Protein chains: 2
Amino acid sequence: MTINFKRRRERLQQVMLENELDGYLIVDPVNVSYLTGFNGEDSYLWLGDSDALLLSDSRFTEQIKEESPDVDAAIRVSGQTTYGLIKDAIGVGKYNSRVPKKVGIESSSTTLALYVKLCETFSELEFVPRSNDVEKLREIKDAWEISAIRLSIDISIAAYRETRRIICQDATEVDFRDELEYRMRKCGGDDVSFPSIVAYDARTALPHAIPSRRVRLSDANMVLVDWGAKRDYYVGDLTRTYLTERGLGASSAEYRRKFTELFKIVLEAHDAAITAIKPGAVCKEIDAIARDIIKSSGYGEYFGHGLGHGIGRVVHDSGGFSPNASSTLQANMIMTVEPGIYLPGWGGIRIEDDVLVTPTGSEVLSSQLPVDE
Amino acid sequence: MTINFKRRRERLQQVMLENELDGYLIVDPVNVSYLTGFNGEDSYLWLGDSDALLLSDSRFTEQIKEESPDVDAAIRVSGQTTYGLIKDAIGVGKYNSRVPKKVGIESSSTTLALYVKLCETFSELEFVPRSNDVEKLREIKDAWEISAIRLSIDISIAAYRETRRIICQDATEVDFRDELEYRMRKCGGDDVSFPSIVAYDARTALPHAIPSRRVRLSDANMVLVDWGAKRDYYVGDLTRTYLTERGLGASSAEYRRKFTELFKIVLEAHDAAITAIKPGAVCKEIDAIARDIIKSSGYGEYFGHGLGHGIGRVVHDSGGFSPNASSTLQANMIMTVEPGIYLPGWGGIRIEDDVLVTPTGSEVLSSQLPVDE
């Protein structure tokens, strides 16, 4: 299975055509990598109407040959600047069929410093700030990307199970997190997708809790873990919430009853949303299906975030389920579904899975890990 | 020992005064944290000529109270934007003694999207792109920062020693890296300073080698490790290069001879540079002292990077030793000194320590780890 980078660039060239852009300067390293396969840093991509040129430095000469054999590279030598390389690239020739006038730039990753310098250096060009052009392309995954995300999810689950099996009763949230992140790597991950959340008891009510060293597992009734491994530059993103030995113990009947009540509501919201996922479904309607279930159970005010987001090369990829999201789902998007109820001072329950939009409905890519494991 | 955040903000207000700025919008989260103590994300700092105001959202209400009790916060509520908060802040009142006209913004961390939106929303203000104002302040460390960096270095060294002691002979570079990073956390680190470099044999000649799974330690003659722990938001950054059991073995006499020759030159460059460090010394002259030793040994072309850089809240803090650096050292700067010789196809040797500029000279903060350990 190979990746057709040229096809990706052609899709961006189509966007350029529709928006009367003669060129595009890509500076976000994730987008450079998506469009070329090259994973180094400090490098830009010039995309003309005819062909693409990587602008890089001598640290990356060999890596570009290896990772992007089908893309030309202009390598900066001592005394040269990237601006000099761009100047050479924008003449009529292999990369541009005509002299570029309007050039797209990425408004969320181009710094003001770079923009000022570009405008000074290329007074003959009009730089057009653009949002989300490559990010929109990235929403639809190809077969290679889907299999990469499957692998990252498998690694995430294997590491979670190992950690659950070996974790000591005196582990703080920090200890738990450190074990989990270590095991994501030992199970084949290149890195973690994002800083893992491990929270005990009332701290589970903080959707972005930072693990602390205060409490030990033996003193906790419940645990929330939000984690994911990254492999081959693609991520997984899962959440599980469970009762500890103490939480399951005889002294915690009332606590257990509350946990079970909330868990059941969150799970119902989770399942109903997933059942509704299919091409053509409107994102805010999927969000509403889950939100209405939580609302009608009386906990609407305790579900303060969107239902989910796209995942891919980054954990918050473009697209998502929220009350205002008017976009529609398309086949081969991959989204998280992660409803939650967070009661301040008591705790929060979240269940998060990764879901592929299929031509006829959906497939839960993380279904091998039961929601209550 | 407490940190005087107000004093830091006053130093920036002095810079504002010198540059006729009535306000400053700080968006780089590292700089927001440096100036206020608040470590959350997605938050900005408005600094008027009179006082400071954090602009944040409801996720961080409690964290701001805890981390920045002396700073006012404007918390965005549903339907509000950060721009609305800024609008409220810039009237004459607690934060500004007069109506702001010229406002500094950080050109390297303000995105084009934010800049465009600011200019649209505040047509009455002139936004002045500025570089390195807070970064320059951050170059000089106070007593708290120096002790934080000492602690991060101690953790880095403890983790390195543990890893060296327990690492298996079948460990690949990736395995070695994973153990080291795990142990940096177990030894008290909050995180790693940067993705650690672990390279064997010829791969040590790549100054930014990414660890591979190809070769096992038992098959390697030498190892280069470039690593550092982060604790309390401050980093350490060290490099050691050593011969393995195999490299020390009887069959490797020629290899060992070459290693010893190069190591001696690099160490001489390292020691000579450190001896010359003191307040008032010119950075490029420190670089030249090390570079000339390597050049006169015939390896000048194999030392392709600068001699060192500032460290602090980030691993590449402002300031550094390079052939063009005309700045002078001041007391309480902390710099890496890291000469190297990299022979393509054979391997590279780098020795890196962290050095505090003292009122009369320098102190090597990592001297408890011998250069050949």
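Colleague: Why is the pair B:Arg185 and A:Asp178 called a salt bridge?

Modeller: The definition asks for a side-chain nitrogen of Lys or Arg within 4 Å of a carboxyl oxygen of Asp or Glu. In B:Arg185 and A:Asp178, the closest N and O atoms are 3.6 Å apart. That is within 4 Å, so the pair is a salt bridge. The count between chain A and chain B is 8 salt bridges.

Colleague: What are the ground rules?

Modeller: This is a predicted model: local features need pLDDT of at least 70, side-chain atom pairs count only at pLDDT 80 or more, and totals for chains, interfaces and linings use all residues. Residues are numbered from 1 along each chain as its sequence is written, chains are lettered from A, and side-chain values use heavy atoms, without hydrogens and water.

Colleague: How do you know that the copies meet through the same surface?

Modeller: Contact means heavy atoms within 4.5 Å. By that test, 23 residues of chain A are in contact with 23 residues of chain B. Of the interface residues of chain A, 100% are also interface residues in chain B, so the surface is the same.

Colleague: What makes the two copies related as by a two-fold rotation axis?

Modeller: Superposition is by least squares on the C-alpha atoms of residues with pLDDT of at least 70 in both copies. Chain A goes onto chain B by a turn of 180° and a shift of 0.0 Å along the axis, with an RMSD of 0.0 Å. The copies are therefore related as by a two-fold rotation axis. In chain A, the C-alpha nearest the axis belongs to A:Thr111, 2.2 Å from it.
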